[in-house]
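Colleague: I am new to this structure. Please take a close look at a single part and walk me through what surrounds it.

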Amino acid sequence: MSPSPLRASPEILTLLKDLHTKSLTQESTVDWKSLPKQCSAEFDSIMLDKFIALDQDKCELVYQILRSINAKTVVEAGTSFGVSTIYLALAVAENAKRVGATAKPRVIATEKEESKAKLARAHWASAGSDVEDVIDLRVGDLRETLTSDLGTVDFLLLDIWTPLALPALKLVQPHFRPGAVIIADNTVKSGDKYQELFAYVDAEGSGFRRVTMPYEGGLDMIVYQ
């Protein structure tokens, strides 16, 4: 097993391992094929207590990307219980320390459900102030919460139900710096549901370039040029 790329305390690493284990255990009980339409009231009710966290290997890749592009401002579309948010916060905090940045690093996290946001905050509190202090959690419909005060965005994580992926991208796009990176999860497993997003970023003159990486379920890396 390869070592973790994270610069984090043993306590945080243990916390993350525990949260990933809980997420995987929970996901194994979900009958994905029988679920109702994403973002419907029935679907949201079923998912209300589900982690659905980004896989650990994908989180570690995201962390490495953030460190390599020196990201300071990150948007997370789909925070859920805040597991991947911890990786984002650790990365931007380390980047800020590395260059002695005067501007505060930020992870702009979005979550529709207040009950999930409450648990996410508790997980961040367990991770400590270095994580808590850089997270700007916005609770509600991301089509409303991402309409202002984003600044210049270095990275967008689309770990969200597919009907919201393209709306989230379009909201953040005016704020991307050249070379900004977008990561979208489960792009092979849910490829049929990502067709609008793919058509948008693959269109001639879109300013985006996309590649699918061989992670479980598919993971797309999109660069804004």
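**A hairpin and the helix beside it**

Modeller: Take the hairpin of β6 and β7: five residues lie between the strands, and Gly-217 has a positive phi near 80 degrees. The model is predicted. Strand β6 covers residues 208-213, and strand β7 covers residues 219-224. The two pair in the antiparallel sense, over six bridges. Arg-210 stands opposite Ile-222 of β7.

Now turn to helix α9, residues 195-202. Three of its residues, Leu-197, Phe-198 and Val-201, are buried. They share one side of α9, because their arc around the axis is only 100 degrees.

Is Leu-171 buried or partly exposed? Its relative accessibility is 23%, so Leu-171 counts as partly exposed; buried would require a value under 20%. Leaving aside residues up to four places away in sequence, Leu-171 touches Leu-142, Arg-143, Leu-146, Thr-147 and Leu-150. Ala-184 is 13 residues from Leu-171 along the chain. The C-alpha atoms of these two are separated by 15 Å.

Key
Residues are numbered from 1 along each chain as its sequence is written. This is a predicted model: local features need pLDDT of at least 70, side-chain atom pairs count only at pLDDT 80 or more; totals for chains, interfaces and linings use all residues. Side-chain values use heavy atoms; hydrogens and water are left out. Two strands pair if DSSP finds at least two bridges between them. Helices (H or I, at least four residues) and strands (E, at least two) are DSSP runs, numbered from the N terminus. Buried means under 20% relative accessible area, exposed over 50%, partly exposed in between (1.4 Å probe, protein chains only). Contact means heavy atoms within 4.5 Å. The arc is that of the directions from the helix axis to the C-beta atoms.
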